[in-house]
Each structure stands twice: as C-alpha cells, then as structure tokens.
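Reader: I have a structure open and would like to go through it with you. Could we take it feature by feature?

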Amino acid sequence: MEKFRILTIDGGGLRGVVPLTILKKVEEKIAEINALKGLKPQKIWEYFDLIAGTSTGGLITCAITLKDPLTNSSKYSLNDIMEIYINRGNEIFPQYNGLQKLLHNITDIFSPSFSDKGIKKVFRDVVGNARLKDCLKPIMISTYDLTNNIPLFFKWTEAQADENLNAELYDICRSTSAGPTYLPGYNFFYPKNPDTENPDRNCIDGGVYVNNPALAALAEFSKNHKYYLPSTSTDTDIDYRSVFVLSIGTGSHSTPIYSNKSKNKGELFWAKAISDIMMRGVNLTTDYEMNEMMEKNNYLRLTIDIDNDEHAIMTNSSKETMDYLIKATQSQVTTNSKKLNEIEAFLHKAS
C-alpha cells in the first residue's frame, strides 16, 4: 500500500500560534528531506493527504488549504496565518483593564465573555465566500450540534459527492470555534442528513468532545480508504505500516490544582478551570489510544507545557502572551534536539 499521511491540529483559541510555530519547522524539514532526494520543497498542504482540525485547529486547517483562484496554490502561507493570529487576535478577544475588566468579569457570568462582532469581521476577511470544495486537499473539521445533540463533522469528501454539503468555510469556522462561555453558539442551515436531523444547526466548539482529532481522522481514513487511496479498492484490510499521523497540540496548562484550591469551589471556579482540564484529559486520552493503535514511529505528537496561568488563557491576545507561547514552542520543540530528531525520523519514514 502506498503511504498515506495525516495531519491533525488541536483546538485551543489563540494558542493556535503554537501549532503554527511547529508547522513552520516541519515545513522546513520537509524541504530539507526533499532536497536530499532532488525534489522540490512542499508546503504543508502538499505533503499531507488528509488534514483535520478542531476549533482553532479547524481555522488553521481551512487557511492552509484554501485555494487562491489566481494561482491555484494556497492563498495563505504559515507566516500569513501567524500574522493574523498576532495582529487580529485582539479583534476577536479584546483585552480589558481596570474598571472595564471588572465590569467584563461581572457580565460574563450571565453571557458569553466576548461578542461575535470581532470574529465575524476577521473570519469573513480571511475566508471570504469560499466553500469546502475550494480547499486544496481533503479536510475534516469538527463541531457539536446542539439542535440534534450530536457530533458533526464537515468533510471535504462529502462536499465532493453532494453539493448540499459544500458548506461555506465561514460557517465551518464559526461553528468549530464557538467555545462555550467564550463566544455565542453559531446557527446556520446544513442538511447533512435531512431524514433524521434538523438542518437548522446550533453549533458549538468541537473541542467539547474531540479537541485532539487524531483518532477521528484515522477513523475517517480507515472507513473511506478506498476513496483516499483508489489503489486499495480491492483490499479488505489496511496496511497501517503505511499510514502516518502527525498530531499537533496547542499546549496544555501544567499547573496542578491541589485539593485546598478546589474542594470547596463551585460553578464560578469550575467554569473557568474545566475547559483546560477537559482539553488536557481528552488530548492525553487520544494520545494514549493513538500510541496503542499505531505502528511504532508512525505516529508523532508534538505540543508544549504552559507553566504560566495568565499565558495559558486561550483568549489572551496580549503581545506578552503571544511572545511567551512562541518562545516556549521554540525552546520545547523547534530548537529542542530531541524533538527535532523525532520530527526528522517521522518525516524520513513518512516520505
């Protein structure tokens, strides 16, 4: 069986600068390996065969695969997307100080912490009116549909087969990133299964159930391998020795919560803490499952530990936090000799 390469990107708000920093290094390493073989450099979207993302990972997935109709190549480079996070993150998640911050903390007990005014503008500017089929490679993005109370995946493959499922990337990005407590849910019409589901969707962040989409992406390939690899159309089994998965996280907050801090706490404390706890638990569980299922050295997980409470906040758009996350990623991954060896070993085997 020919090799099949999957890239997955976790959710995590503005901590999306972490996977972007990692992907820039991965792209460099791909170019180095290709040069040794006398091949041209490849962009991330060219190298991988299926890309899946949740929440901010879904935004990055859409952006790196979005086709520029003038060039028939990718509209955005990784540097372009990084600039959007750094320069426009504050439009989505404004920072407050003094009395303004106090009033904000009071009102967000009763309503989402941020309005959708900023996210509407930024997302529309980035993806315009492009649709799922306008992506250069197969992608899969997750959200959770509250109307039908079901997980919902937007798939490039389904859009190819049914124009009704060729959703706007704007709708997809709004749906996958509507984090509960942070942003309002997102409502739009999507008739994926009109016989059993209400197409009037009310969607929230896919991170509530699949923040790390690595296993979901592997399941998607396993079920539809005959579509992704026509050469396997007569195969009854998949040769997983030829399947490679690179899973990239947005960092996890490593500060422990001891009993004296949590045992007598109520809704206000847990509403703020549970998102990161849930993300960490889901991410680690998926990582365990992938390590157990995948062929040795065919799966690589790259992420960082965040040891600062303030910089771990997924909506913190300050320059200080952006700088911290980028530098932490550089020290823990992209300039870390052990991690670089793991990246090179994975890419050599997958190439």
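Predicted model: local features only at pLDDT ≥ 70, side-chain atom pairs only at ≥ 80, totals over all residues.

Reader: Why do the side chains alternate in a strand?

Author: In a regular strand, side chains alternate between the two faces of the sheet.

Reader: How many bridges join strand 7 to strand 8?

Author: There are 4 bridges between strand 7 and strand 8 (residues 200–205), and the two strands run antiparallel. Y186 has C203 in strand 8 as its bridge partner.

Reader: Which aromatic cluster has Y186 and F188 in it?

Author: Y186 and F188 form one aromatic cluster together with F154, Y170 and Y190.

Reader: How many aromatic pairs are found in the whole structure?

Author: The search finds 14 aromatic pairs. F93 and F114 form an edge-to-face pair, with 5.0 Å centre to centre and 70° between the planes. This pair links distant parts of the chain, 21 residues apart: F93 is in the loop between helix 4 and helix 5 (98–107), and F114 is in the loop between helix 5 and helix 6.

Reader: Is F93 buried or exposed? And what about F114?

Author: F93 is buried, because its relative accessible area is 8%, under the 20% cut-off. F114 is buried as well, with a relative accessible area of 8%.

Reader: Changing topic: how many cavities of 30 Å³ or more are there?

Author: The search of the whole structure finds 1. The largest cavity has a volume of about 30 Å³, and its lining consists of D116, I119, R174, A178, L183 and P184. By class, that lining has 4 nonpolar, no polar and 2 charged residues.

Reader: And what lines the second largest pocket?

Author: The second largest pocket holds about 600 Å³ of space. Its lining has 39 residues, of which G13, S55, T56, S177 and D205 lie nearest the centre. Helix 4 gives the largest share of the lining, 6 residues. By class, the lining of this pocket has 24 nonpolar, 13 polar and 2 charged residues.

Note on methods: Residues numbered from 1 in each chain as written. Heavy atoms only, no water. Pairing = 2+ DSSP bridges. 1 Å grid on protein atoms, 1.4 Å probe; cavity = no way out; pocket = protein on both sides within 12 Å on 5 of 7 lines; lining within 4 Å. Points joined across faces, edges and corners; volume = space filled by probe spheres on them. Nonpolar A, V, L, I, M, F, W, Y, C, P; charged D, E, K, R; others polar. Phe/Tyr/Trp six-rings, centres within 6.5 Å; stacked < 30°, edge-to-face > 60°. Buried < 20%, exposed > 50% of the residue type's maximum accessible area, 1.4 Å probe, protein only.
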